[in-house]
Amino acid sequence: MKIHFISDLHLCEEEPATLRAFIDYLAGPARTANTLYILGDLFEYWAGDDDDTPLIRQVSDALSALAASGTALRFMAGNRDFLIGQHFASRCAMRLLPDPSRLVVDGRQVLLTHGDALCTDDTDYLQYRSQVRDPEWQRAFLARPLAERKSFIESLRTRSREANARKRPEIMDVNQDAVAQLLRTNDYPVLIHGHTHRPARHEHLVDGRTCERWVLADWRGQAHYLEWASGSGTARTLAPPA
């Protein structure tokens, strides 16, 4: 059994190197995995499943080809692509997951989350997250014309960049008490998440138990993935073509 975990690719037309790295990864290392888990922010933004740009078609075709090769696909929404729905998931032959989600890998309990809900010191962001994750808000937003949705998202991205520039870096990282509470309420599993762009392996002592936490890397033009096999994880990077 071999499982891959990735997150925070932020695919967009402005970053062609990242798209190339993703396509190469799907055609190469991903095909050795029994299951690929995408833990959010696959795209820089998502305006709705009715969007059908060439980039989106290329990504969906590559993902469905991977699924056809035998690798099962699982997707968990991030803070950038939380509007991805069942229509796009079906195009890619992947299953949508709730956040958080639990699974058993080689006999070990593993908990998956995107990671943004653990950034509890960023109260402004959590307020925004609560609003846009509300099903009524999403239905109303998706009912608007696609061009209007994209314009709104672009303005939102600009405001977000300006707001983040004023925040202390530690505010945008996970809160250690929030991590401990999540581990405690889920029977002290291995925790895997992305979002913070601070890749690392951490150990947490919670109620006398040592818990493992993996933070997935953002891509930035190069493929990064966590490979889980034989009961342990290994962070790997796919070297770009010479």
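# A tour around helix H7

Select Asn175 and Asp177. Asn175 caps the N-terminal end of helix H7, with a side-chain oxygen 2.8 Å from the backbone nitrogen of Asp177. Keep in mind that this is a predicted model.

Next, select residues 176-185. This is H7, and Ala178, Val179, Ala180, Leu182 and Leu183 are buried in it. Colour those five residues. An α-helix has 3.6 residues a turn, so residues three or four places apart point the same way.

What covers the buried residues of H7? Show strand E6 (108-113), strand E7 (190-193), strand E8 (200-206) and strand E9 (209-215), which are included in that cover.

Move on to Asp187. This residue comes just after H7 and takes a positive phi of about 65°.

Now zoom out and show the whole chain as a cartoon. How many helices and strands are there? The protein has seven helices and eleven strands.

Look at contacts next. Take those between residues at least 6 apart in sequence: 66% of them join residues at least 24 apart.

Of the 242 residues, 48% count as buried.

Last stop: colour by charge. There are 29 positive and 33 negative charges, and their mean positions are 2 Å apart.

Definitions and conventions
Residues numbered from 1 in each chain as written. Predicted model: local features only at pLDDT ≥ 70, side-chain atom pairs only at ≥ 80, totals over all residues. Heavy atoms only, no water. Helix = DSSP H or I, 4+ residues; strand = E, 2+ residues; numbered from the N terminus. Buried < 20%, exposed > 50% of the residue type's maximum accessible area, 1.4 Å probe, protein only. Contact = heavy atoms within 4.5 Å. Lys, Arg positive; Asp, Glu negative; His and termini not counted. Charge placed at Lys NZ, Arg CZ, Asp CG, Glu CD. Polar contact = N/O pair within 3.5 Å; in protein donor to acceptor, adjacent residues only side chain to side chain.
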